[in-house]
Amino acid sequence: MTGRRPPSGDCPLKKTPLVTEISKEFTFEAAHRLPNVPEGHKCSRVHGHSYRIEITLRGPVHPQFGWIVDFAELNAAWQPLHAQLDHRLLNDVPGLENPTSELLAAWLFDRVNVPGTTVARIRVAETCTSSCTVYAAEG
């Protein structure tokens with residue numbers, strides 16, 4: 001056994017049903033404060049992060065193009081979100097009054113829309129060592 005897998009998704013050459021995902025990383029700069037932490041907590045003060053967002057989409061591989069979706073479509077879906085978040089105080093963004101990484105990831109999950117795909121997960125990294133990932137609950 002070589003360990004090689006057949007092409008994924010709806011590719012006509014597939015021999016095994018596969019789930020295919022694509023991911024792309026985006027960045028933005030923003031400030032926030034966490035209003036619900038205990039008094040004296042360092043995150044109660046306004047501070048900023050260089051956020052890294054990874055969006056992962058799941059979908060069938062197009063039989064002609066060989067991709068789930070053109071990465072340009074994911075870029076286009078990200079742009080209005082980037083405009084709402086970049087160089088902002090996240091607490092002022094509707095729905096992000098308590099902008100933890102967990103709530104930011106969920107906020108993004110609800111807003112990413114690329115036709116023909118499903119959002120599989122959103123990862124938010126606010127530092128080099130701290131991140132949060134949200135997935136759709138299995139139902």
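Read along the sequence, this protein chain goes β-β-α-β-α-β-β. That comes to 2 helices and 5 strands. Helices here are DSSP runs of H or I with at least four residues, strands are runs of E with at least two, and both are numbered from the N terminus.

Some ground rules. This is a predicted model, so local features need a pLDDT of at least 70 and side-chain atom pairs count only at pLDDT 80 or more, while totals for chains, interfaces and linings use all residues. Residues are numbered from 1 along each chain as its sequence is written, and side-chain values use heavy atoms, with hydrogens and water left out.

On confidence: pLDDT is the predictor's confidence in each residue, from 0 to 100. The protein chain averages 91, and 89% of the residues score at least 70. Over residues 1-7 the pLDDT stays under 50. For that stretch the model has 9 contacts beyond four places in sequence, where a contact means heavy atoms within 4.5 Å.

Now the sheet. In what order do the 5 strands of the open sheet stand? The order is S3-S1-S2-S4-S5, and the pairing is mixed. Two strands pair if DSSP finds at least two bridges between them. Strand S3 (88-89) and strand S5 (131-135) are at the edges with a single partner strand each, so one side of each has no neighbour in the sheet.

Helix H1, residues 71-85, packs on this sheet and touches S1, S2 and S3. The direction of H1 makes about 15 degrees with that of S1. Such angles run from 0 to 180 degrees between N-to-C directions, with axes fitted as lines to C-alpha atoms, for helices over the stretch in contact. Helix H2, residues 101-111, lies across S1, S2, strand S4 (118-125) and S5, and runs at about 150 degrees to S4.

Back to the strands. S1 (residues 21-32) and S2 (residues 47-58) run antiparallel and are joined by 12 bridges. Two examples: Thr27 has Arg52 in S2 as its bridge partner, and Phe28 stands opposite Tyr51 in S2. S1 also pairs with S3, in the parallel sense, over 2 bridges. There, Ala30 has Arg88 in S3 as its bridge partner.

Next, the aromatic rings. A pair of rings is described by the distance of the centres and the angle of the planes. Rings of Phe, Tyr and Trp (its six-membered ring) pair if their centres lie within 6.5 Å; planes under 30 degrees apart count as stacked, over 60 as edge-to-face, and the rest as tilted. How many aromatic pairs are in the whole structure? A search finds 4.

One of them is Phe28 with Tyr51, a stacked pair at 4.8 Å centre to centre with 10 degrees between the planes. Phe28 lies in strand S1 and Tyr51 in strand S2, so this pair ties together parts 23 residues apart in sequence. Phe28 also pairs with Trp78, and this pair is tilted, at 6.3 Å centre to centre and 40 degrees between the planes. Since Trp78 is in helix H1 and Phe28 in strand S1, the pair ties together parts 50 residues apart in sequence. Ring pairs link Phe26, Phe28, Tyr51 and Trp78 into a cluster.

Of the 139 residues of the chain, 35% count as buried.

That brings us to the core. A nonpolar core is a set of buried Ala, Val, Leu, Ile, Met, Phe, Trp, Tyr and Cys residues joined through side-chain atoms within 4.5 Å. The largest one has 30 residues, of which Leu85, Leu104, Leu108 and Ile122 touch the most other members. S1, S2, H1, H2, S4 and S5 each supply at least two residues of this core, and H1 gives the most, with 5. At 39% relative accessibility, Phe71 counts as partly exposed. Not counting residues up to four places away in sequence, Phe71 touches Ile22, Ser23 and Lys24. Phe71 and Ser23 are 48 residues apart in sequence and 8.9 Å apart in space, C-alpha to C-alpha.

Methods: Buried means under 20% relative accessible area, exposed over 50%, partly exposed in between (1.4 Å probe, protein chains only).
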